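Dear colleague,

I am passing on the structure we spoke about, with the sequence alongside.

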Amino acid sequence: MTKVVIDKEFFELFPEAQISTLTIHGIDNHVDETDDPYFAKLLHEGSEESKKFISNEVFRENDVIDQWRQAFRQFKTKKGARCSIEALLKRVSQGHEFSPINPLVDIYNSVSLKYGVPCGGENINAFDGDMHLGEAKGGEGFKPLGATEDSPALPGEIIYYDNSGAICRCLNWREAQRTMLTEDTTDSVLVVEAINEEQAKRASAAIEELKELTEKYFKVDGKIEHLTKNHPETEQL
């Protein structure tokens with residue numbers, strides 16, 4: 001039985017946090033190039049919508065950026081680590097277009113942009129036990145995309161982890177090769193994070209759109225759960 005579990009240490013740092021999950025099974029995530037225009041359009045529309053979150057010419061002073069930078073100051077991070085939504089919005093601010101990667105990643109990136117919230121996804125079948133979100137002891141193994149050497153978590157860092165090591169470092173900064181979404185992924189849990197009430201409203205809308213888009217494209221049924229300090233774990237994934 002595999003679940004998502006939010007450890008109490010996370011809620012001690014972020015008592016208003018809401019972690020929204022969407023579980024989907026039996027998908028075909030292989031790239032079909034005939035669908036590239038559809039995903040390019042989704043990503044473009046998400047990028048256009050995201051511009052409302054970066055209206056201030058000073059990038060770091062936009063609310064979405066500032067709130068997450070303040071959040072990252074509350075725990076140990078790897079030097080230069082930034083929230084995933086900041087990385088996406090930075091590309092938009094620099095005029096970059098997003099190219100399709102694979103269906104699941106394209107869908108969650110488009111939604112992340114549209115709602116100004118961090119979104120991610122993991123391959124459930126690669127988990128070793130439950131996926132936790134909590135404080136690292138230090139030394140949890142982690143190999144990010146493109147790396148050949150281990151880059152273990154730091155003591156006091158907020159990470160997603162399972163019995164085999166870190167799944168995502170610095171809350172939502174980088175995902176591990178071991179559990180990342182690939183074309184061969186058939187079962188996934190998608191995650192949208194919020195650390196305050198205003199973000200939670202956008203995250204709730206985002207996870208609903210994720211469900212709608214994934215169900216429509218993959219022709220499967222998804223299951224949403226919202227995790228808070230009063231409801232810190234999902235049912236079986």
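This is a predicted model: local features need pLDDT of at least 70, side-chain atom pairs count only at pLDDT 80 or more; totals for chains, interfaces and linings use all residues.

The crossing in which H2 passes H5 is left-handed.

On the H2 side, the residues that meet H5 are Phe39, Leu42, Leu43, Gly46, Ser47, Glu49 and Ser50, and their partners in H5 are Pro103, Asp106, Ile107, Asn109, Ser110, Leu113 and Lys114. Sorted by class, this contact between H2 and H5 holds six nonpolar, five polar and three charged residues.

Helix H5 also has a part in the largest pocket, to whose lining it gives five residues, the largest share. That pocket has a volume of about 830 Å³, and of the 35 residues lining it, those closest to its centre are Val105, Tyr108, Asn109, Trp173 and Glu175. Asn109, listed there, is also among the H5 residues that meet H2.

Several other elements contribute to the lining as well: helix H4 (84-93), strand S3 (119-123), strand S7 (174-175) and strand S8 (188-194), like H5, each supply at least two residues. Taken by class, the lining of the largest pocket divides into 20 nonpolar, nine polar and six charged residues.

With best wishes

Conventions
Residues are numbered from 1 along each chain as its sequence is written. Side-chain values use heavy atoms; hydrogens and water are left out. A crossing is left-handed if the near helix is turned anticlockwise from the far one by less than a right angle, and right-handed if clockwise. Helices (H or I, at least four residues) and strands (E, at least two) are DSSP runs, numbered from the N terminus. Contact means heavy atoms within 4.5 Å. Ala, Val, Leu, Ile, Met, Phe, Trp, Tyr, Cys and Pro count as nonpolar, Asp, Glu, Lys and Arg as charged, and the others, Gly among them, as polar. On a 1 Å grid over the protein atoms alone, a cavity is a set of points where a 1.4 Å probe fits but cannot get out, and a pocket is an open set with protein on both sides within 12 Å along at least five of seven lines; lining residues have an atom within 4 Å of a point. Grid points are joined across faces, edges and corners, and a volume is the space filled by probe spheres set on the points.
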